[in-house]
Amino acid sequence: MAFEPPQRLVRALGETERNGAADWLVKLPELVQQVVDLRELTVERVQAPGGRSSLVVLVRQADGTPAVLKLAPPWARPESERAALAHWGGFGAVQLLDGNGGEGVLLLERLHPEMSVRSLPEAKALLEAAGTLRRLWVEPPAGQVFESVAERTGRQAEAMRASASADAEVAPLVDAALAAREELLASAPQARLLHGTFRQSKVLAGERMPWLAVGPDPVVGECAFDLARLVRDRVEDLIASPSGASITRRRVKRLAESLELDQERLRGWTLFRAVESGVRARRVGRPQDAELLLEFAGWL
């Protein structure tokens with residue numbers, strides 16, 4: 001299959017600190033062709049701009065049923081995504097059509113990639129996104145294979161400390177974020193299976209349900225961790241607003257109340273995740289993103 005990978009994916013792989021990213025990208029056309037031939041799929045087009053960690057191809061199965069073929073490198077944890085989608089069984093999330101895909105290969109229900117809840121007015125988008133997220137918070141499966149919030153944020157904390165030691169400008173926010181993490185983990189409530197990277201653009205319009213979540217990087221932990229990423233959605237609009245700080249604090253309160261979560265725990269995880277993302281953006285050479293995220297974190 002001859003195609004040009006979406007530039008968004010190429011740029012993201014160029015920023016990654018993982019070994020093998022360039023090799024995976026080079027082998028991608030051959031891998032797609034192998035999967036398409038094996039499963040007797042008809043390719044319609046590559047989804048663009050697509051994601052930052054996987055290739056998404058719109059296809060049709062042998063019987064003409066529309067589907068989505070997703071290919072992801074090992075460090076994107078595609079097998080963990082497969083396990084989570086199988087456990088959710090299409091309730092609140094995209095349906096896994098083939099549970100026996102090859103390594104890094106997922107065949108998924110076709111949604112409407114051009115229509116996410118981000119296309120709705122802000123208040124409506126937050127309401128629909130939060131309602132979708134609530135459906136995903138279930139008991140993890142027995143013998144679960146998922147990473148915990150403590151494990152994932154532990155790796156992130158190490159990278160944050162290294163960045164702070166080399167960049168005094170971010171050190172105060174990093175210290176605050178790490179202190180919040182320690183306090184939150186010391187008193188964590190009951191763990192649930194979480195989406196892991198939830199935001200408005202991860203909720204697409206569907207046929208069997210109005211909105212369904214896609215692209216999880218599942219993790220097991222407290223629900224406030226999952227909701228924290230949603231708090232900063234449309235961060236560029238928040239920063240541009242003269243009342244962005246007060247809007248952010250009201251958003252934390254409103255989302256916490258709507259999903260019956262502790263407001264301070266949501267604020268703490270929002271702080272940690274914003275600082276982690278901002279420091280990482282700074283480290284890989286995205287200064288504009290870093291500036292927005294760290295300014296947002298300063299409001300918390």
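Let's start with what I239 touches: its contacts, meaning heavy atoms within 4.5 Å, are L292, E295, F296 and W299, leaving aside residues up to four places away in sequence. Take F296 from that group: I239 and F296 are 57 residues apart in sequence, yet 7.0 Å apart in space, C-alpha to C-alpha. I239 sits in helix α8, residues 235-240. Helices here are DSSP runs of H or I with at least four residues, strands are runs of E with at least two, and both are numbered from the N terminus.

Is I239 buried or exposed? I239 is buried, at a relative accessible area of 17%. Buried means under 20%, exposed over 50%, and partly exposed in between, using a 1.4 Å probe and protein chains only.

A quick word on the source: this is a predicted model, where local features need pLDDT of at least 70, side-chain atom pairs count only at pLDDT 80 or more, and totals for chains, interfaces and linings use all residues. Residues are numbered from 1 along each chain as its sequence is written, and side-chain values use heavy atoms, with hydrogens and water left out.

Now to helix α5, residues 149-166. Among the buried residues of α5 are V149, R152, T153, A157 and M160. What covers them? The cover includes β7 (147-148), α6 (171-186), β8 (192-194), β11 (219-221), α7 (223-231) and α10 (263-283).

Strands pair if DSSP finds at least two bridges between them. β7 and β11 run parallel, joined by two bridges, and S148 stands opposite V220 in β11.

Next, α7. Axes are lines fitted to C-alpha atoms, for helices over the stretch in contact, and angles run from 0 to 180 degrees between N-to-C directions.

Finally, how do α4 and α7 pack? Helix α4, residues 122-136, meets α7 at an angle of about 160°, with the axes 11 Å apart. That makes α4 roughly antiparallel to α7, a label for angles over 145 degrees. The contact is made by L126, A129, A130 and L133 of α4 with D226, L227 and L230 of α7.

Definitions and conventions: Angles under 35 degrees count as roughly parallel, over 145 as roughly antiparallel, 65 to 115 as roughly perpendicular and the rest as oblique.
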